Amino acid sequence: MLSGRMMDRPLLVIDILRHAAEAFPASRIASRTVEGPIHRYTYADAFRRTAKLAHALGQLGIGDGDRVATIAWNTYRHFELYYGVSGIGAVCHTINPRLFADQLDYIVNHADDRAIFVDLNLVPLVEQLADRCAGVRHVVIMTDREHMPRTSLEQAICYEEILEDMPETFDWPCLDENTAAAMCYTSGTTGNPKGSLYSHRSTVLHALGVLAPGIFPLNREAVVMPVVPMFHVQAWGQPYAAPICGASLVLPGARLDGESLHQLMESEGVTLALGVPTIWLGLLAWLRQSGKGLSTVARLLTGGAAAPLSMFRAWEEEYGVEVLQGWGMTETSPVCACGAYGSALDVAEGDERYVCKLRQQRLFGVELRLVDDDGQPVPADGIAQGELQCRGPWVIDSYYNDDAATSAAFTDDGWFRTGDVATLAAESMLQITDRTKDMIKSGGEWISSIDLENEVMSHPAVAEAAAIAMPHPRWQERPMLIVVLNPDQTAGSDDIRRHLEGRIAKWWMPDDIVFVDDLPHTATGKVSKLQLRERFRDHVLPTA
Ligand code: AMP
């Protein structure tokens, strides 16, 4: 082999913030603090405070490879932890505060976290956890002295106090780029949560990957608001991607309701915001109700769950906001396909334009393939569905210390089995049609719950809907729809059926439609089909 004659300089997370501080010293980070007021500073300020944090971590005895948990909302202190912890060679382990207590215990103990950094309003969670997590030596409450709460936590210390007298520069170590930088557990709908351990290299490459032109519209003029939590797959890479290109960041803290988001978007001039469909449906409902509009937001990015076509249409036609879609998983850092819709969109008209947006283009760096139940390749013809598998430099190669989960998730030839069902079309266009566990198999034929929900959601009275499989003596399974109506609106099963006629194949028509006040959501804001199936376990279809 003839080796290239290029410098072998590592790709390191801290160099992203160093670059932002030097190249874009005036780009801002604005956060709604948990204490209340909006905090604003620049990347240059953030880099200085991250140096102070690095010194403080050293004084707490945290070093190489130690796992440091964060249980926190999107704020500037959490941002500093992303860089400070990884920068010294420790691992920033973000934890979802909405998980059940036993899942939290499991995660903290399985990761063997040395310290927990926790936001003020989440301290009670850690108080309950502390006794059961013997390895945790420090609990740092992310606030200043003035706001320190009374707590039963003996080891509790104050974030601002530990930073106070520290120097504003730090001699950041030149780590191997394959050193672990961050960690996130999947919410785990079945079995124990599973840990993804990201490296510096994978994190930097992922950030560069999403910055490719035509993916996220990011640049120095952009003002980006990740509503997707920093505890959920690193807020889809935004805290790393935005500083690389000098985009300003707006971090919404703990308040994610429509009114709070709208207020922050307007006051900070947000141009792009990212979140799960539930967030964008909630904001849409609030805008309609309040009669307010958005003056600077040009685009929303939706991901993490299937978004209904009606949502793309409503945002664009009522508020002039383009909705982009991304697909990814905790295991894939997460973004693998996003926001570029290929030549079909150039010629599409009317509703066809929104149909195009249900597909997303694969990113450079990631490979995708579809296989059938026997592991045989499924053609990428835009029609045939198969289980989606992927590989690439920001896809995990194993779960953290979990051999059983690892062996179930990888194929013999080294591809990651996503558990999603999808089609692939020309120009590397991916469309997710279901989770393997959520597909409805009627008389041996698959019905896509996502497609069905999508059509129901275009009914003006429907706020949210989920389709689940119910047992049927003749067809094995038949679809049942569970519907939440918009407040002050009415619709019956017959209205919904009439609406679906002609939009779906006849045999997809749900055998039952039930109306409920709300749907259960998972810790990451997705409809929990697991809980729905549980809730309707004893329900009998009228056709059964
Ligand atoms: P998580 O690891 O919690 O981020 O969840 C990943 C899962 O979310 C994927 O395996 C998909 O089932 C789902 N998901 C993510 N993005 C999309 C999308 N654009 N459309 C449909 N489902 C999605």
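Predicted model: local features only at pLDDT ≥ 70, side-chain atom pairs only at ≥ 80, totals over all residues.
Which helix does Gln-234 lie in?

Residues are numbered from 1 along each chain as its sequence is written, and side-chain values use heavy atoms, with hydrogens and water left out.

Back to the opening question. Gln-234 lies in helix H8, residues 233–236. Helices here are DSSP runs of H or I with at least four residues, strands are runs of E with at least two, and both are numbered from the N terminus. The phi of Gln-234 is near 55°, a positive value in a residue other than glycine. As a reminder, most residues other than glycine have a negative phi, and most peptide bonds are trans. Gln-234 is also buried, at a relative accessible area of 4%. By buried I mean under 20% relative accessible area, by exposed over 50%, and by partly exposed anything in between, with a 1.4 Å probe and protein chains only.

Ser-428 is not a glycine either, and has a positive phi of about 55°. Ser-428 sits in the loop between E19 and strand E20 (429–435), and counts as partly exposed at 26% relative accessibility. You will find Pro-334 in the loop between strand E14 (322–328) and strand E15 (335–338).

Now some strands. Two strands pair if DSSP finds at least two bridges between them. Let's take E6, residues 138–141. Its residues His-138 and Val-140 point one way, Val-139 and Ile-141 the other way, and all are buried. On one hand, E6 runs parallel to strand E5 (residues 113–118), joined by four bridges, with Ile-116 opposite Val-139. On the other, E6 pairs in the parallel sense with strand E7 (residues 156–158) over three bridges, and here Val-140 stands opposite Ile-157. E5, helix H5 (residues 123–130) and E6 make a right-handed β-α-β unit. Right-handed means that, with the strands pointing away from the viewer, the path from the first strand over the helix to the second runs clockwise.

Val-224 stands opposite Leu-249 in E11, and has Leu-272 as its bridge partner in E12.

For an antiparallel example, look at the open sheet of five strands in the order E16-E20-E19-E18-E17. Strands E16 (360–361) and E17 (367–371) stand at the edges with a single partner strand each, so one side of each is left without a neighbour in the sheet. Inside that order, strand E18 (residues 386–391) and strand E19 (residues 416–425) run antiparallel, joined by four bridges, and Glu-387 stands opposite Val-421.

How do the axes of H3 and H9 cross? Helix H3 (residues 76–87) and helix H9 (residues 238–245) have axes that come within 11 Å and cross at roughly 85°. Those axes are lines fitted to C-alpha atoms, for helices over the stretch in contact, and angles run from 0 to 180 degrees between N-to-C directions. H3 and H9 are therefore roughly perpendicular to each other; that label covers 65 to 115 degrees, while under 35 is roughly parallel, over 145 roughly antiparallel and the rest oblique. Phe-79, Tyr-82 and Tyr-83 of H3 meet Pro-239, Tyr-240 and Pro-243 of H9, contact meaning heavy atoms within 4.5 Å.

Let me finish with the cores. A nonpolar core is a set of buried Ala, Val, Leu, Ile, Met, Phe, Trp, Tyr and Cys residues joined through side-chain atoms within 4.5 Å. The largest has 125 residues, and Phe-79, Phe-117, Leu-218, Met-265, Trp-280 and Trp-315 touch the most other members. Helix H2 (residues 43–59) gives the most to this core, with eight residues. Another core, of 28 residues, lies apart from it, with Ala-111, Leu-120, Val-126 and Tyr-400 among its members. Thanks, everyone!
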